[in-house]
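Hi there,

Here is the structure I promised to pass on. Have a look at it first, and my notes on what turned up follow below.

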Amino acid sequence: MRLARLPALAGFAAVAALLAGCGGPQSIIGTMNPAAREIEGLWWIAFTSTGVLSVLVFGGLFWGVRRSLRAGRTHPADDPDPATRAREDRWILILGAGLPGVFLTGFLIVAVGTGFSVAEPPSEPTLTVEVIGHKFWWEVIYPEHGIVTANELHIPVGEPIEVRVTSADVIHSFWVPKISPGKIDMVPGRTNVIWMSADEPGAYRGQCTEFCGVQHALMSMLVVAEEPDDFEAWLARRGRPLALPDEPELLRGLEVFTDAGCAACHTMDGRVRTAVTGSPGPDLFDLRSRRTLGALAAENTRENLEAWIVDPHRFKPGVRMPAHRLGEDDLAALVTYLESLGR
Ligand SMILES: [Cu+2]
């Protein structure tokens with residue numbers, strides 16, 4: 001390959017990489033909520049107008065430089081007479097300060113208007129969900145139902161949901177771009193409120209947007225919007241009491257869970273005990289039904305689950321769960337037990 005082609009290739013790769021970010025379940029484009037659509041509209045205004053402005057400003061810059069070079073003006077001593085100079089300065093002021101000033105003022109007015117209009121849901125929320133940020137996962141509580149889960153939030157489609165957020169450790173930020181009006185900070189000791197609603201059923205991706213530590217980038221979540229019947233069924237499955245297993249293999253799994261000290265960090269009955277304090281690790285009652293492990297770090301398969309318990313740092317280096325050395329049989333029993341929960 002000729003070296004001269006490298007810059008063109010690099011440019012092409014950069015554009016392709018940029019465009020690849022335009023789709024998918026976490027895009028700010030193609031939103032599924034009236035407020036998110038307004039924000040998307042604002043984004044399009046900003047995108048196109050800053051594009052035009054950039055062309056104007058950089059075009060002016062290149063034009064000016066080229067003109068000076070052509071006139072042989074490369075040194076301050078070559079400056080033109082004061083009258084020409086004053087005229088040129090005026091243009092620099094108009095293009096460099098006036099134009100952006102007018103644009104930014106207009107944009108500010110539109111943006112503040114949008115901010116007010118997206119702050120409140122179109123109608124009274126029908127459900128409240130509490131989300132507590134942890135390094136590096138999300139505790140999800142349905143206070144009206146007394147249930148707790150993690151990393152995967154289920155909501156009925158089409159209905160405004162009130163989301164009350166806080167944090168158990170450092171500041172995180174809650175953002176599900178397709179279905180929530182912007183982001184909201186999760187601050188320890190404070191409860192912030194945002195709302196969301198999904199126009200269509202689907203799984204929408206959310207992401208922590210406040211740097212919170214080594215695995216900030218792998219602190220993601222799924223919001224699954226379902227038809228009301230499916231959502232009610234989901235709630236009902238979570239409301240079941242935890243029963244002591246009767247099969248020997250499952251009992252052995254429970255024993256391994258206790259002996260290995262998992263209970264120090266994990267509850268596994270899906271019930272809220274203490275409000276808002278939470279436990280160090282996610283509740284495991286409905287682990288089987290979650291699509292991912294470790295806040296979207298890995299697909300939830302039996303193989304990955306075993307590998308996660310042995311060494312979660314393989315998936316998420318720096319995660320706040322230690323590696324566990326377990327015998328093959330113990331590990332198998334433990335995983336079988338975990339997968340039997342919440343049935
Ligand atoms: Cu975070």
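L296 sits in the loop between strand 11 (292-293) and strand 12 (298-299); helices (H or I, at least four residues) and strands (E, at least two) are DSSP runs, numbered from the N terminus. L296 has a positive phi of about 75°, although it is not a glycine. L296 counts as buried because it has 21 C-beta neighbours inside 10 Å. For burial, the cut-offs are 20 or more other C-beta atoms within 10 Å for buried, 12 or fewer for exposed, and anything in between for partly exposed, with C-beta atoms placed from the backbone.

Two points on how to read all this. Residues are numbered from 1 along each chain as its sequence is written. This is a predicted model, in which local features need pLDDT of at least 70 and side-chain atom pairs count only at pLDDT 80 or more, while totals for chains, interfaces and linings use all residues.

N151 is found in the loop between strand 3 (147-150) and strand 4 (152-156), and it counts as buried because 23 C-beta neighbours lie inside 10 Å.

Then there is a cis peptide bond, running from K135 to F136, with omega near 0°. F136 lies in the loop between strand 1 (127-134) and strand 2 (137-142).

**The core**

The largest nonpolar core holds 59 residues. Such a core is a set of buried Ala, Val, Leu, Ile, Met, Phe, Trp, Tyr and Cys residues joined through C-beta atoms within 7 Å. Within this core, V131, V140, V163, I179, V223 and A295 touch the most other members. As background, nonpolar side chains tend to be buried together in soluble globular proteins.

A295 brings some of the names above together: leaving out residues up to four places away in sequence, it touches F136, W137, W138, N151, L218, M219, S220 and M221. Contact here means that two C-beta atoms, placed from the backbone, lie within 7 Å.

E152 lies in strand 4 and is buried, with 21 other C-beta atoms within 10 Å. Not counting residues up to four places away in sequence, E152 touches M221, L222, V224, R290 and R291. E152 and R291 are 139 residues apart along the chain, yet their C-alpha atoms are separated by 8.0 Å.

**Domains and helix pairs**

The chain is divided into domain 1 (25-119), domain 2 (127-230) and domain 3 (248-340), with bounds from an automatic or database domain assignment. Taken over C-alpha atoms, the centres of domain 1 and domain 3 are 52 Å apart.

How do helix 2 and helix 3 cross? The axes of helix 2 (residues 34-70) and helix 3 (residues 82-119) come within 10 Å and cross at roughly 175°. Helix 2 is therefore roughly antiparallel to helix 3. The axes are lines fitted to C-alpha atoms, for helices over the stretch in contact, and angles run from 0 to 180 degrees between N-to-C directions. Angles under 35 degrees count as roughly parallel, over 145 as roughly antiparallel, 65 to 115 as roughly perpendicular and the rest as oblique.

By class, the contact of helix 2 with helix 3 has 16 nonpolar, 4 polar and 1 charged residues. Here Ala, Val, Leu, Ile, Met, Phe, Trp, Tyr, Cys and Pro count as nonpolar, Asp, Glu, Lys and Arg as charged, and the others, Gly among them, as polar.

The axes of helix 5 (residues 248-259) and helix 7 come within 7 Å and cross at roughly 105°, so helix 5 is roughly perpendicular to helix 7. The residues of this contact of helix 5 with helix 7 divide into 7 nonpolar, 3 polar and 3 charged.

**A few single residues**

- L338 is in helix 7 and counts as buried, with 24 C-beta neighbours inside 10 Å. Leaving out residues up to four places away in sequence, L338 touches L284, L287 and L305.
- A119 is found in helix 3 and is partly exposed, with 13 other C-beta atoms within 10 Å. The C-alpha atoms of A119 and W195 are separated by 8.3 Å.
- P322 is in the loop between helix 6 (302-310) and helix 7 (328-340), and it counts as exposed, with 12 C-beta neighbours inside 10 Å.

Best wishes
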